[in-house]
Amino acid sequence: MARILIIEDEQDLAGLIEYNLRAGGFEAESANTGAGGLAKARARTPDLVLLDLMLPDVAGSEVLRMLKSDSELRKVPVVIVSAKGQEADRIQGLEAGADDYVVKPFSVRELMLRVKAVLRRSDAEEAPAPLLTAGEIQLDTSRHQVRVKGEEVILTALEFRLLRTLLERGGRVQTREVLLSDVWGIQAEIHTRTVDTHIKRLREKLGPAGDIIETIRGVGYKLNPP
Ligand code: CA
């Protein structure tokens with residue numbers, strides 16, 4: 001369910017939008033100041049922000065600028081909802097990174113359609129999650145997440161890279177030296193035991209599913225796709 005954050009100081013209007021969003025199957029919450037809106041967005045990243053330009057504390061344009069300069073929130077689509085309907089205002093808003101611009105007064109139905117259209121567009125833009133799987137192991141490269149039989153397994157960044165490398169090269173033997181250089185970024189023939197230690201830990205974390213990582217004695221490791 002998509003979460004919409006409404007930053008709007010007119011309580012009645014915010015309430016009306018919230019009500020309609022919920023009726024339309026969205027999760028909705030609102031903030032009546034720019035600072036409050038930013039705090040809510042930072043506490044829990046919304047899927048879309050409806051932003052009023054004339055707020056009591058800071059200008060909506062400033063809120064937009066702050067959203068767009070926040071690495072976590074930069075990609076959250078923003079729809080400006082404003083009484084400032086001049087072409088120059090619209091252009092300014094869109095240039096500042098807003099995804100759409102709805103002029104007050106607006107029809108609630110139109111606003112819902114715009115919200116849905118923007119969400120569809122932003123879904124389409126998200127790169128398809130490259131998912132690597134082998135047996136019961138599933139590695140989501142974009143979310144940096146590993147699951148075994150659907151259960152999340154917490155790996156260190158290094159274990160994640162190690163598993164990812166093995167999955168990407170499934171069926172091919174990887175020497176310790178190659179793993180050291182590709183996973184650790186170390187060009188050395190010493191410390192190859194480091195690889196063994198990490199493989200051991202990775203196997204432990206993966207449980208029985210980790211058996212698909214095969215040891216090739218004296219050489220290295222190989223992941224056997226089932
Ligand atoms: Ca206002």
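**Helices, sheets and a metal site**

Mentor: Keep in mind throughout that this is a predicted model. We can start with helix H8, which lies across S11 and S12 and runs at about 150° to S11.

Trainee: Which sheet holds S11 and S12, and in what order do its strands stand?

Mentor: S10 and strand S11 (213-216) stand at the edges with a single partner strand each, so one side of each is left without a neighbour in the sheet. The pairing is antiparallel in this open sheet of three strands, and two bridges join S10 to S12. The order is therefore S10-S12-S11.

Trainee: What is the bridge partner of Gln174 in S12?

Mentor: S10 and S12 run antiparallel and are joined by two bridges. In general, strands of a sheet pair through backbone hydrogen bonds, either parallel or antiparallel. For Gln174, the bridge partner in S12 is Tyr221.

Trainee: Which residues touch Arg176, and is Arg176 buried or exposed?

Mentor: Arg176 is found in helix H7 (residues 176-184). Leaving aside neighbours within four places in sequence, Arg176 is in contact with Thr192, Val195, Asp196, Gly218, Val219, Gly220 and Tyr221. Buried means under 20% relative accessible area. The relative accessibility of Arg176 is 14%, and Arg176 therefore counts as buried.

Trainee: Where around the axis of H7 do the buried residues sit?

Mentor: The buried residues in H7 are Arg176, Leu179, Leu180, Val183 and Trp184. They cover an arc of only 100° around the axis, which puts them on the same side of H7.

Trainee: What covers the buried residues of H7?

Mentor: Arg176 is one of the buried residues in H7, and its contacts include Thr192 and Tyr221. The cover of the buried residues of H7 includes H6, strand S10 (174-175), helix H8 (192-206) and strand S12 (220-223).

Trainee: Which side chain makes a polar contact with that of Glu159?

Mentor: Glu159 is in helix H6 (residues 157-168), and at 1% relative accessibility Glu159 counts as buried. Not counting residues up to four places away in sequence, Glu159 touches Arg201, Leu202 and Lys205. The polar contact, at 2.8 Å, is with the side chain of Lys205.

Trainee: At about what angle to S7 does H6 run?

Mentor: S7 belongs to an open sheet of four strands, in the order S6-S7-S8-S9 with antiparallel pairing. Neighbouring strands of this sheet are turned by 25° against each other on average, direction ignored. H6 lies across S6, S7 and strand S8 (145-148), and its angle to S7 is about 110°.

Trainee: How many bridges join S6 to strand S7?

Mentor: Strand S7 (residues 137-140) and S6 run antiparallel, and in S7 the bridge partner of Leu131 is Asp140. The number of bridges that join S6 to S7 is four.

Trainee: What is the phi of Lys149, and why is that worth a remark?

Mentor: Most residues other than glycine have a negative phi, and most peptide bonds are trans. Lys149 is in the loop between S8 and S9, and is exposed, with a relative accessible area of 62%. Although Lys149 is not a glycine, its phi is positive, at about 50°.

Trainee: Which residues does a cis peptide bond join?

Mentor: One of them is in the loop between strand S5 (100-103) and helix H5 (108-125). With omega at about -10°, the cis peptide bond joins Lys104 and Pro105.

Trainee: Which protein donors does the calcium ion have, and how many residues apart in sequence are the parts that Asp9 and Met54 tie together?

Mentor: The protein donors are Asp9 (OD), Asp52 (OD) and Met54 (O), and they lie 2.2 to 2.3 Å from the calcium ion. Asp9 lies in the loop between strand S1 (3-7) and helix H1 (11-23), and Met54 in the loop between strand S3 (48-52) and helix H3 (60-68), so the pair ties together parts whose separation in sequence is 45 residues.

Trainee: What relative accessible area does Met54 have?

Mentor: Asp9 is partly exposed, with a relative accessible area of 28%. Met54 is also partly exposed, and its relative accessible area is 48%.

How values were computed
Residues are numbered from 1 along each chain as its sequence is written. This is a predicted model: local features need pLDDT of at least 70, side-chain atom pairs count only at pLDDT 80 or more; totals for chains, interfaces and linings use all residues. Side-chain values use heavy atoms; hydrogens and water are left out. Donors are N, O and S atoms within 2.8 Å of the metal (3.2 Å for Na, K and Ca); water is not among the atoms, so sites may look incomplete. Buried means under 20% relative accessible area, exposed over 50%, partly exposed in between (1.4 Å probe, protein chains only). A polar contact is a pair of N or O atoms within 3.5 Å; within protein, one must be able to donate a hydrogen and the other to accept it, and residues adjacent in sequence count only if both atoms are side-chain atoms. Contact means heavy atoms within 4.5 Å. The arc is that of the directions from the helix axis to the C-beta atoms. Two strands pair if DSSP finds at least two bridges between them. Axes are lines fitted to C-alpha atoms, for helices over the stretch in contact, and angles run from 0 to 180 degrees between N-to-C directions.
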